[in-house]
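Me: I would like to go through this structure slowly and ask, for each label, what stands behind it.

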Amino acid sequence: YHDASAFPLYGKCVEATSARYERLPKEFEGVVRKSMWDLGRNSAGLYIRFRSNSTQIRARWRSLSPRQYMPHMADVGDSGLDLYILTEKDGWRFAGSGFEWGGRDKEVKNKTMVSNMEPSMREYMLYLSLYNGISSLEIGVDEGAVIEAPSIDSPRSDRPIVMYGTSILQGGCASRPGMAFTAILGRKLDREIINLGFSGNAWLDYEIAEYITRAQNPALIVLDYVPNSTAEMIDERGERFFRIVRQAFPDVPVIFVEDPTFPHTRFDRNMLEEVTSKNEAQKALYRRLKKAGEKKLYYVDTEGMIGDDGEATVDGIHLTDLGMMRYVDKLYPVMRKALR
């Protein structure tokens with residue numbers, strides 16, 4: 001076993017976070033709301049890169065919260081790991097997931113993620129837990145096998161994409177970490193994505209806007225906060241939040257995203273009114289900024305965002321893997337256009 005701290009970690013806005021596998025800096029503790037601080041300790045969007053000629057890859061890790069439990073999300077998604085291998089023909093391909101039966105009650109989890117391979121050198125990407133933290137992580141290989149830093153920069157890390165949003169963006173409720181829509185987009189765009197999803201807490205906090213400005217040379221910023229916000233919140237805070245980011249990155253494209261039209265809006269009139277009012281506020285903010293002369297702004301509306309058959313969520317709001325793929329299909333062409 002080799003301590004994963006020996007290998008590069010990606011998906012962080014800044015390197016100096018409160019702990020290696022966390023997303024917010026130590027100075028945010030006691031400054032941001034406690035709920036956001038706690039969520040910042042989740043390792044959503046973080047991934048390890050390495051290469052090895054081992055015939056098997058194992059993982060041994062400790063979660064911050066051994067008894068993490070969410071009834072609408074698989075254990076491997078909220079507290080597990082996810083391994084991908086880079087192939088010459090098909091790019092990044094899923095190789096195995098990290099979990100143990102009864103794993104919530106085990107202090108240390110130990111899983112063979114892939115085995116019985118030819119002993120040739122391969123590039124690996126190991127996604128970390130979406131709704132839990134990692135206190136320690138080791139990667140296991142054959143005795144005598146080589147394990148070292150990656151030789152290929154993929155997803156490319158020189159111009160990351162910063163995405164800010166809600167529980168859906170954090171990864172709820174993907175079956176495994178690699179199926180979060182931010183992870184899928186990272187593979188499709190071959191670009192490092194910084195996941196600043198804070199479940200239930202995307203309230204346009206100005207501290208997060210300031211934090212986004214600390215990202216190194218971003219290529220694109222995506223603002224996907226509407227599901228957690230209210231129309232009033234967007235009216236009151238949206239422009240200032242954007243201005244903080246825009247002052248730091250005057251030439252970086254910014255994408256505004258609407259709230260998905262959740263399937264129960266077909267029946268729940270109050271929910272339909274809420275989603276409609278929030279999306280109208282988001283569109284009004286976008287138009288106001290455009291009218292003020294802002295350039296390099298893009299917009300993703302709700303139409304067809306998660307399909308029209310009502311089958312893309314686990315609970316009416318949080319996305320299944322099907323929902324994640326549909327979300328990607330909606331965002332991907334806009335993001336490609338913005339990156340060009």
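Me: Which residues lie nearest the centre of the largest pocket, and how many line it?

Reply: In this predicted model, the largest pocket has a lining of 18 residues, and T261, P263, G307, D308 and G310 lie nearest its centre. The space in this pocket comes to about 260 Å³, and its lining divides into six nonpolar, seven polar and five charged residues.

Me: Why is L289 called buried?

Reply: Buried means under 20% relative accessible area, and L289 has a relative accessible area of 0%, so the term applies. L289 lies in helix 7, and, leaving aside residues up to four places away in sequence, it touches E239, F242, R243, F256, E294 and L297.

Me: What makes strand 14 and strand 15 a pair, and in which sense do they run?

Reply: Two strands pair if DSSP finds at least two bridges between them; strand 14 (residues 254-257) and strand 15 have four bridges, and they are therefore paired, in the parallel sense. In strand 15, Y299 is the bridge partner of F256.

Me: What unit do these strands make with helix 7, and what is its handedness?

Reply: Strand 14, helix 7 (residues 269-291) and strand 15 make a β-α-β unit, and this unit is right-handed.

Me: Which way do the residues of strand 15 point, and are they buried or exposed?

Reply: From strand 15 (residues 297-300), L297 and Y299 point one way while Y298 and V300 point the other way, and all of them are buried. In a regular strand, side chains alternate between the two faces of the sheet.

Terms used:
Residues numbered from 1 in each chain as written. Predicted model: local features only at pLDDT ≥ 70, side-chain atom pairs only at ≥ 80, totals over all residues. Heavy atoms only, no water. 1 Å grid on protein atoms, 1.4 Å probe; cavity = no way out; pocket = protein on both sides within 12 Å on 5 of 7 lines; lining within 4 Å. Points joined across faces, edges and corners; volume = space filled by probe spheres on them. Nonpolar A, V, L, I, M, F, W, Y, C, P; charged D, E, K, R; others polar. Buried < 20%, exposed > 50% of the residue type's maximum accessible area, 1.4 Å probe, protein only. Helix = DSSP H or I, 4+ residues; strand = E, 2+ residues; numbered from the N terminus. Right-handed = clockwise from strand over helix to strand, strands pointing away. Contact = heavy atoms within 4.5 Å.
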